[in-house]
Amino acid sequence: MVTTSLPGFKTKSSSRIQEVSAASSEKAREHFGNRLTFETDCADVYAAQHTGTVDFVLLDVRNASSFAKGHVPGATNIPTLNITEARMGEFAPDTVFVVYCAGPHCNGANKAALKLAMLDRPVKEMIGGALGWVDEGFELVTNE
């Protein structure tokens, strides 16, 4: 192992990354497999849209004003506060919802996902949100 010394850092024989050992492959498979049951990403949503395999409802859970300024193509706007049993009754019970909000700095998608789960609705979060969509190089559409 190479040891290095940079100004302001003590000489070490391993990185901070290795200070805590990596999980076993078995635990890593379980952990990352579990994460994928809860989340998807912008590229997967984009791919589904462009291959005609959209088997979910994409929900933008931000307020109507934010949605109008720019949202992911194909998204339905249902702000988190409007996720109710009556409103979601418009969708088949086995509908899979993919929720997103502004971006990683916003927990609106988590709140919406929790509300949907409490209504016994299958749900995943599109990690990155609208900001992640743009970061991937995809364009938002507007209602203005």
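In the predicted model, five strands form an open sheet with parallel pairing and the order E1-E5-E4-E2-E3, where two strands pair if DSSP finds at least two bridges between them. Helices (H or I, at least four residues) and strands (E, at least two) are DSSP runs, numbered from the N terminus. Strands E1 (39-41) and E3 (76-77) lie at the edges, each pairing on one side only. Within the sheet, strand E2 (residues 57-60) is joined to strand E4 (residues 97-100) in the parallel sense over four bridges, and Val 57 stands opposite Phe 97 in E4.

Helix H1 (residues 25-38) touches E1 and strand E5 (123-127), and its direction makes about 100° with that of E5. Helix H2 (residues 42-51) touches E1, E2, E4 and E5, at about 70° to the direction of E1. Axes are lines fitted to C-alpha atoms, for helices over the stretch in contact, and angles run from 0 to 180 degrees between N-to-C directions.

Overall, the protein chain comprises six helices and five strands, arranged from the N terminus on as α-β-α-β-α-β-α-β-α-β-α. Of the contacts with a separation of 6 or more, 63% link residues 24 or more positions apart. The C-alpha atoms of the chain fill a box of roughly 60 × 35 × 30 Å along the principal axes.

Residues are numbered from 1 along each chain as its sequence is written. Local features need pLDDT of at least 70, side-chain atom pairs count only at pLDDT 80 or more, and totals for chains, interfaces and linings use all residues, while side-chain values use heavy atoms, with hydrogens and water left out.

Definitions and conventions:
Contact = heavy atoms within 4.5 Å.
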